[in-house]
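Thanks for coming, everyone. Please bring the structure up on your screens, and we'll walk through it together.

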Amino acid sequence: MSTKVADHVLQRLREWGVEQVFGYPGDGINGLLAAWGRAENEPRFVQSRHEEMSAFQAVGYAKFSGRLGVCAATSGPGAIHLLNGLYDAKLDHVPVLAIVGQTHRTAMGGSYQQEVDLHTLYKDVASEFVETVTVPEQLPNVLDRAIRTAYARRCPTAIIIPGDVQELDYAPPTHEFKMVPSSLDRSAWTAVPSDESVRRAAEILNSGDKVAILVGQGAAGARTEVERIAELLGAGLAKALLGKDVLSDELPYVTGAIGLLGTRPSYELMRDCDTLLTIGSSFPYSQFLPEFGTARGVQIDIDPHMIGMRYPYEVNLVGDAKATLERLLPLIEEGRGREWYDTVCDNVTRWRDVMERRAGLDADPINPEYVTRALDAVLPDDAIVTSDSGSTANWYARHLTMKPGMRGSLSGTLATMGCGVPYAIGAKFAHPDRPAIALVGDGAMQMNGMAELITAAKYRHLWEDPRLVVAVFNNHDLNQVTWELRAMGGAPSFLPSQELPDVQYAAFARSLGLTGIRVEKPEDVEAAWRAALEADGPAVVEFLTDPAVPPIPPHATWDQMEATAASILKGDADRGAMVKRGFKAKVQEFLPGREKKYPPRPRGVRRPVRAGRLPPAAAATPRIGPAPAPLRA
């Protein structure tokens with residue numbers, strides 16, 4: 001039997017080390033599906049319930065494996081459905097390849113069924129590389145280049161293969177004019193900045209007395225080097241959400257997440273520092289970084305396209321985080337004073353006490369902060385945790401202690417709903433020997449998480465460690481947007497848009513043969529977590545949580561407080577509980593053990609090289625930053 005184009009696609013994917021493709025069938029890829037049958041399902045075709053979930057699973061797989069995620073879909077609607085997941089890959093800089101079908105070449109341009117201009121449709125999401133294969137000889141170069149580009153640029157790429165082309169006999173490119181040969185190899189490479197720029201960066205860092213470090217996912221391969229430079233500089237270290245698993249939260253100087261979902265110590269770190277070192281992060285909310293003119297800055301990023309943004313850095317080091325830090329570390333001076341370091345550590349300790357007290361507050365029926373805090377106590381050391389977008393992301397960011405070896409992620413930049421469960425499924429295919437836990441709101445669970453439980457049930461037998469725990473925070477409310485309405489716009493909750501129907505998530509899980517646990521009382525929370533983590537397969541734990549527990553930002557501006565008060569006066573349906581829960585949560589910050597403040601420098605004053613610390617008398621009043629930009633639930 002002759003080798004078809006579709007056969008060669010699968011063969012080439014196997015040669016690139018691709019072990020599974022997340023997809024959904026359709027007649028636009030019938031040729032590929034037939035080839036999968038001939039190839040005895042290698043690489044494995046993982047069937048989701050929806051093409052968007054296939055893309056999310058590919059993103060989750062890529063995030064947690066460091067390898068290429070591949071998804072496939074039919075022409076027309078199938079290709080369209082992939083887009084949201086592919087945009088998630090684009091904005092979070094994840095290597096994903098989309099293989100999509102197209103109507104036959106003979107019908108193109110004829111307004112045929114499911115004919116969509118896929119080149120135009122994909123030109124933005126796969127802006128680094130999208131191409132249509134029209135003849136067999138074109139295939140190896142297009143596929144190889146799409147894979148190499150996805151890896152090199154950390155982005156989604158796409159190849160479009162018309163249905164009739166899939167069924168043509170494969171012929172390789174020949175050694176002649178207007179043929180483009182190809183090759184498989186993708187040798188490792190490392191980018192490093194110049195010696196002169198590294199020296200300038202060291203001078204800036206050595207001149208600082210109060211150094212803050214911000215890390216993102218780009219620092220993931222440089223854990224040892226990041227720890228070392230933090231210790232040499234006596235620095236505090238904050239993490240962008242995508243960098244939550246870069247460094248252990250058990251380290252005393254790690255202040256946790258930064259931004260609207262971040263911690264008070266991270267806010268204080270950025271407010272009071274005189275020097276900022278950013279490693280592998282493009283954290284977008286500059287209002288949470290030091291006020292312009294009060295801190296000197298150095299950035300390290302491997303992508304020259306993303307360097308120099310967000311803050312007026314003096315030196316921008318384009319290079320791999322690990323390789324760059326290895327060159328920078330010998331130039332960093334030791335023997336730092338302890339006052340700044342001790343202040344950072346004291347604020348971290350105090351914040352942990354605040355969060356523990358908040359988690360222990362009464363709620364009706366269950367405090368969602370306690371739900372996450374209870375998980376933190378029993379989380380396996382090799383766990384992979386995913387969080388959906390919404391109020392659950394607040395609890396993920398603030399209450400989970402990342403330890404060495406743990407992994408975690410969420411939709412960091414697109415902040416799309418519906419990624420938590422498919423991310424966890426992708427993680428299970430990346431690491432079938434590790435437990436995965438997804439933290440999901442009831443809105444995201446109703447959007448698509450319930451359907452993907454079917455996918456988990458279908459493939460559970462492939463996972464060496466059978467544990468996949470989906471925790472549903474069931475509060476009958478699209479909670480993050482509800483709080484944004486209150487805090488950003490001063491509007492009461494609009495029930496027709498915000499109120500969700502009550503769904504029996506645990507019962508649905510049981511109907512699929514999975515473990516299903518419904519938790520209605522706080523005294524049952526810890527036992528439920530343990531039971532789910534001891535189950536012999538996927539489990540759903542449904543916690544009935546209180547929507548009136550506020551996801552309080554690390555600092556509350558007067559504008560936000562006034563807006564929330566205005567929403568109460570306008571007749572918010574939950575106004576009584578809001579006041580009670582909000583007051584109780586906020587007052588925890590003012591109990592004994594209040595933050596230790598390091599005197600900040602007056603605004604606009606730059607610290608000269610090697611100058612001494614400013615005396616306390618020169619300090620300005622700590623500022624309250626502007627209201628943060630809203631985050632989509």
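Start with strand 2, where Phe-45 is the bridge partner of Val-21. One thing before we go further: this is a predicted model. How does the chain get from strand 1 to strand 2? It passes through helix 2, residues 30–38, and this β-α-β crossover is right-handed.

Strand 5 and strand 6 pair in the parallel sense over three bridges. Within strand 6, Ile-159 stands opposite Glu-131. The link from strand 5 to strand 6 runs through helix 7, residues 139–153, and that β-α-β crossover is right-handed. Strand 6 also pairs with strand 4, residues 96–102, in the parallel sense, over seven bridges. One example: Gly-101 has Ile-161 as its bridge partner in strand 6.

Is strand 6 mostly covered or mostly open? Mostly covered: seven of its seven residues, 156–162, are buried. Here is the general rule. In a regular strand, side chains alternate between the two faces of the sheet. Now look at the strand itself. Pro-156, Ala-158, Ile-160 and Pro-162 point one way. Thr-157, Ile-159 and Ile-161 point the other way. All of them are buried.

Next, a residue from helix 7: Leu-143. Why does Leu-143 count as buried? Because its relative accessible area is 0%, and the cut-off for buried is under 20%. What does Leu-143 touch, leaving aside neighbours within four places in sequence? Val-9, Arg-12, Leu-13, Leu-97 and Ile-159. So much for contacts; here is one distance. Leu-143 and Leu-184 are 41 residues apart in sequence, and their C-alpha atoms are 9.8 Å apart in space.

How many aromatic pairs does the structure hold? Twelve. Take Phe-22 and Tyr-61. The ring centres are 5.9 Å apart and the planes are at 55 degrees, so the pair is tilted. The pair links distant parts of the chain: Phe-22 sits in strand 1, Tyr-61 in helix 3, residues 51–65, and they are 39 residues apart. Both Phe-22 and Tyr-61 are buried. They also belong to one aromatic cluster, together with Phe-429, Tyr-459 and Trp-463.

Helix 3 also holds Gln-57. Is Gln-57 buried or exposed? Gln-57 counts as buried, because its relative accessibility is 0%. Among the residues Gln-57 touches are Phe-22, Val-46 and Ser-48. Its contacts also include Pro-422, Ile-425, Gly-426, Glu-452 and Thr-455. That list does not count residues up to four places away in sequence.

Two charged side chains are worth a look too. The charged end of Arg-186 sits over the ring of Tyr-151, 3.6 Å from its centre. Lys-244 has its charged end over the ring of Tyr-396, 5.5 Å from the centre.

Last, the whole chain. It comes to 23 helices and 18 strands. There are 633 residues, and 58% of them count as buried. How much of the contact total comes from residues 24 or more positions apart? They account for 77% of the contacts with a separation of 6 or more.

Note on methods
Residues numbered from 1 in each chain as written. Predicted model: local features only at pLDDT ≥ 70, side-chain atom pairs only at ≥ 80, totals over all residues. Heavy atoms only, no water. Pairing = 2+ DSSP bridges. Helix = DSSP H or I, 4+ residues; strand = E, 2+ residues; numbered from the N terminus. Right-handed = clockwise from strand over helix to strand, strands pointing away. Phe/Tyr/Trp six-rings, centres within 6.5 Å; stacked < 30°, edge-to-face > 60°. Buried < 20%, exposed > 50% of the residue type's maximum accessible area, 1.4 Å probe, protein only. Lys NZ or Arg CZ within 6 Å of the ring centre and 35° of its normal. Contact = heavy atoms within 4.5 Å.
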